[in-house]
Amino acid sequence: MNDQAETGGQRVRFYQTGTHTVGNRLMDAATRTVQSSIDRSNAITSGHRACQGCGEALGARYALDAAMRAAGGRMVAVNATGCLEVFTTPYPETSWQIAWLHSVFGNAPAVATGVAAAMRATGRTDVRVVAQGGDGGTTDIGFGCLSGMFERNDDVLYICYDNEAYMNTGVQRSSATPAFARTATTPAVGPHPGNVFGTGKNLPRIAMAHEIPYVATASVADLHDLEAKVTRAMAIGGARYIHIMVPCPLGWGSASQDTIKLARLAVESGLFPLFEAEHGDVTAVKTIRHQVPVEAYLRPQKRFAHLFREGHEDHQTLAAIQAMADANIRRYGLLGEGKA
Amino acid sequence: MNDAVKPFAITLDPGSSKLNHTGSWRTERPVYVDKLPPCNNQCPAGENIQGWLFEAESGDYEAAWQILMRDNPMPAVMGRVCYHSCETACNRAKLDEAVSIHAVERFLGDYAIEKGLRPAVSADPSGKRVLVIGAGPSGLSAAYHLTRMGHAVTIREAGPMAGGMMRFGIPKYRLPRAVLDAEIARILDMGVTLELNTKVTDIEAAFAEGFDAIFAAVGAHLAKRIDIPAHAAGRILDAVSLLEQVETGAAPALGRRVIVYGGGNTAMDVARSARRLGAEEAMIVYRRSRKEMPAHEFEAREAEDEGVLIHWLRTIKEIDETRFTVEKMLIDAEGRPQPTGEFETLEADTLILALGQDVDTSFLTRVAGVEIAKDGVVGVDARMMTGRAGLFAGGDMVPAERTVTVGIGHGKKAARHIDAWLRGAAYGASERHPLAEFEGLNTWYYDDAPRSVQAELAMVRRQTSFDEVVEGLTEDTALYEARRCLSCGNCFECDNCFGVCPDNAVIKLGPGNRFRIDYDFCKGCGLCAAECPCGAIQMVPEIG
Ligand SMILES: Cc1cc2nc3c(=O)[nH]c(=O)nc-3n(C[C@H](O)[C@H](O)[C@H](O)COP(=O)(O)OP(=O)(O)OC[C@H]3O[C@@H](n4cnc5c(N)ncnc54)[C@H](O)[C@@H]3O)c2cc1C
Ligand SMILES: Cc1ncc(C[n+]2csc(CCOP(=O)(O)OP(=O)(O)O)c2C)c(N)n1
Ligand code: SF4
Ligand code: SF4
Ligand SMILES: [Mg+2]
């Protein structure tokens with residue numbers, strides 16, 4: 001009937017919203033998400049200073065609560081500098097309800113390696129280590145430490161919350177900023193407005209090139225998938241990497257209530273493919289449920305407003321972005337078996 | 001620690017960010033609402049369809065049935081004969097196909113009959129007596145609701161059995177009598193007195209007997225006639241009388257070829273019955289086209305499937321024994337049929353007139369204050385009361401669409417007003433919630449699920465027997481179908497709001513208790529409202 005997981009004892013395998021919603025009263029408790037449980041750890045509690053509708057605050061709680069459940073609560077989280085760190089810990093308050101550690105902007109992978117080594121040295125091998133940072137902290141300044149952590153296969157799960165720019169300091173371009181996006185350092189002026197096409201790096205693929213045990217991409221728009229990936233990663237030893245797309249209303253110029261919608265459209269357009277890779281090879285992809293043109297994703301964001309100026313729509317650029325989505329669809333087989 | 005020995009910048013003790021009430025950032029606040037689902041809004045019997053589907057989704061069929069029974073005492077009948085305008089309104093139709101509401105209703109109705117379920121009744125006796133005239137759907141519904149409210153009800157019925165047009169109009173192949181009997185018996189078992197073969201002819205005498213109020217629902221049974229020039233008329237019957245004779249086993253032989261004149265549901269039913277009674281050819285002659293016919297499309301289709309031939313745009317001009325001269329018609333700009341002067345002939349042994357029915361209001365003519373229109377329908381006010389205080393009326397005899405469902409709805413509505421009137425009060429209908437529009441749903445969350453199909457009886461048996469044509473759903477299919485409901489505008493506890501709040505400002509209250517917003521921390525981002533699949537959260541501006 002559908003793509004639902006078969007659940008014990010229930011004959012009719014159709015559940016109205018299936019696993020698309022956070023919970024589902026019609027499904028067995030075991031198949032609902034960690035987030036649907038009143039017992040979730042709420043790694044980041046209320047009162048934090050993230051903007052209204054912040055995808056990073058949401059993505060971090062999603063990932064860390066799942067990791068906490070997988071680790072049975074025995075876990076240390078290391079944080080690079082960035083919004084996540086700043087909005088959770090304005091002196092002297094903290095939103096963290098888990099063991100948490102911040103050092104500086106560029107060294108989170110190295111600090112996490114150290115924490116893992118300390119745990120080993122003190123015989124606390126039951127304690128798992130998670131490191132996390134924004135896209136700037138991960139793809140730029142922390143990149144050297146991260147590559148080393150991968151190369152040594154240190155026992156750390158590194159999670160990148162990708163909001164596609166240096167948001168905490170006022171929306172500067174990072175090497176994860178998408179082509180044509182307007183940022184404070186790539187203004188929408190001149191003959192080629194926005195971020196330069198053909199620049200930037202694809203960190204999940206770079207991580208795969210290190211042939212570490214596990215690499216995955218995830219989205220705040222697909223909670224079941226995100227939690228499954230975190231849970232999977234927590235069950236594996238060695239270096240693991242998860243790259244989560246987290247829309248930023250401030251930096252993207254989007255409405256606060258559109259955060260999940262935009263994350264969903266990024267996936268459904270093919271611009272942000274969801275996949276898993278083991279030891280360098282893609283092992284699973286999440287297929288697109290209802291394909292949309294890239295325009296549906298781009299139009300609600302002010303950082304792409306220069307593509308949609310009344311009467312001067314930049315069809316050429318839109319076509320270039322659509323071609324990027326189409327290339328992803330082909331590369332990962334996002335429309336499913338045998339469809340391009 | 002002594003402040004003096006604390007190094008710079010850590011002189012404050014750490015605290016939780018919960019000290020920071022981010023609720024002060026808000027310009028809009030999310031509020032949980034219950035909107036009116038379009039199905040409920042449409043149902044002529046005022047059913048809480050979304051409400052009973054919600055229970056059915058979890059497999060609690062008894063709870064679902066009890067909710068259904070608050071509004072409609074005959075779900076098994078209704079799931080078979082109702083024209084389900086709810087499904088035309090259903091939001092799911094805009095997604096793929098409407099929920100098969102009638103099929104789930106029928107499943108619940110049959111389930112209750114099989115399990116012998118009884119409606120939950122708790123009212124204390126009021127000491128008031130109400131007379132109901134006519135045991136059709138409207139009268140039965142009024143009797144049921146009045147009994148639930150604690151009044152003593154007597155139904156007087158002119159005919160030999162209860163059911164009205166459900167028994168003497170709607171053929172068995174659409175409504176098996178065991179189903180009808182079971183649902184009528186359940187109403188009578190609640191303590192309703194039924195007096196059969198008792199035609200009421202004097203309203204004032206009935207009041208004088210001591211009834212505190214009267215509800216009249218005598219239907220519309222007088223067949224309309226027309227004059228057709230006939231040199232030597234063959235056999236001419238009227239549809240309602242024939243259907244009644246079929247029911248009592250007294251139907252006359254119809255001959256090989258039958259013409260039915262009319263384009264309503266009665267025409268379809270009588271033509272289909274004629275096939276089953278052995279007519280080799282059953283034709284319908286109707287003066288307009290398919291688009292204008294009063295019958296529903298599916299009724300015409302089912303008739304045609306069984307071999308009924310429909311001659312659209314034809315009027316009968318002349319009859320000469322078995323020769324029928326018919327004139328071709330054209331539909332003009334106003335949608336009216338106009339003669340063309342072109343003629344054809346048809347051959348038939350019997351003509352059956354199915355041209356509609358009028359109300360027999362002879363029992364009301366002497367009642368002061370009662371308004372009777374030229375076409376026989378009786379005027380009622382917003383309370384369903386006629387011009388005679390205490391005399392209420394509903395169903396086919398008042399101006400409204402003539403269906404079982406409307407009749408049942410009138411019975412409920414009249415019962416509420418009679419109850420209020422008996423207590424010397426006015427019935428205050430609860431405020432209508434705003435409509436749950438399709439645009440308010442986030443349909444991405446719903447699984448793709450095609451509508452389930454009801455199996456049909458093999459064609460040979462459809463043409464030769466009165467066995468039920470359309471089959472019911474199995475339990476599995478009914479459960480599946482119930483779960484296709486989008487729960488428009490009413491929380492179904494999917495936990496989305498609880499999950500998607502970046503500020504943990506949604507409090508989950510546990511199964512059946514839904515959620516609450518923690519306004520100390522809600523920043524008003526609107527994610528919960530945007531991601532609620534069914535549109536049960538609304539953002540409202542903060543004032544001040
Ligand atoms: C062939 C046919 C098929 C139909 N199919 C459908 C269908 O599929 N779906 C649908 O929704 N509707 C259908 N209808 C319409 C539907 O049956 C009627 O609208 C409905 O039955 C009206 O209910 P009622 O209670 O007002 O009147 P009725 O059902 O006509 O009942 C009135 C009752 O009052 C009794 N009565 C009359 N005068 C007196 C008196 N003076 N004293 C005591 N008793 C009296 C009559 O004997 C009768 O039992 C159909 C109608 C016909 C004729
Ligand atoms: C070495 C160093 N350089 C610069 C900064 C200033 N700084 C703090 S946060 C930040 C941007 C973080 O961007 P990103 O890692 O993408 O995280 P985001 O805020 O977008 O979540 C910068 C540049 C710093 N703290 N340390
Ligand atoms: S700037 Fe962006 S990432 Fe930072 S708190 Fe605001 S929404 Fe979140
Ligand atoms: S989806 Fe459900 S609640 Fe919505 S209109 Fe259809 S039956 Fe009613
Ligand atoms: Mg960033």
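## Ligand 2 and its shell

A polar contact is a pair of N or O atoms within 3.5 Å, and in this predicted model an oxygen atom of ligand 2 is 2.9 Å from a polar backbone atom of A:A165. The backbone of A:G136 also takes part, with an N or O atom 2.8 Å from an oxygen atom of ligand 2, while the side chain of A:E56 places an N or O atom 2.9 Å from an oxygen atom of the ligand. Ligand 2 taken alone exposes 580 Å², and the protein buries 73% of that area.

Altogether 16 residues surround ligand 2, the closest being A:E56, A:C83, A:G136, A:G137 and A:M167. Helix α4 of chain A, spanning residues 135–141, gives the most to this shell, with four residues. Sorted by class, the shell around ligand 2 holds six nonpolar, eight polar and two charged residues.

## The interface of chain B and chain A

The contact draws 53 residues from chain B and 53 residues from chain A, and the area buried between the two chains is about 4700 Å², with carbon and sulfur atoms giving 50% of it. On the side of chain B, B:W444, B:D447 and B:R483 supply 18% of the area that this chain buries against chain A, more than any other three residues.

## Polar and charged pairs across the interface

Between chain B and chain A there are two salt bridges, including one in which the side chains of B:E57 and A:R25 meet at 2.8 Å, N to O. Across the interface, 39 residue pairs are in polar contact, with both residues at pLDDT 80 or more. The side of chain B that touches chain A has 25 nonpolar, 12 polar and 16 charged residues.

Methods:
Residues numbered from 1 in each chain as written. Chains lettered and ligands numbered in written order. Predicted model: local features only at pLDDT ≥ 70, side-chain atom pairs only at ≥ 80, totals over all residues. Heavy atoms only, no water. Near = heavy atom within 4 Å. Polar contact = N/O pair within 3.5 Å; in protein donor to acceptor, adjacent residues only side chain to side chain. Areas by Shrake-Rupley, 256 points an atom, 1.4 Å probe, with all protein chains shown as cover. Helix = DSSP H or I, 4+ residues; strand = E, 2+ residues; numbered from the N terminus. Nonpolar A, V, L, I, M, F, W, Y, C, P; charged D, E, K, R; others polar. Contact = heavy atoms within 4.5 Å. Buried area = accessible area lost by both parts, 1.4 Å probe. Salt bridge = Lys/Arg side-chain N within 4 Å of Asp/Glu carboxyl O.
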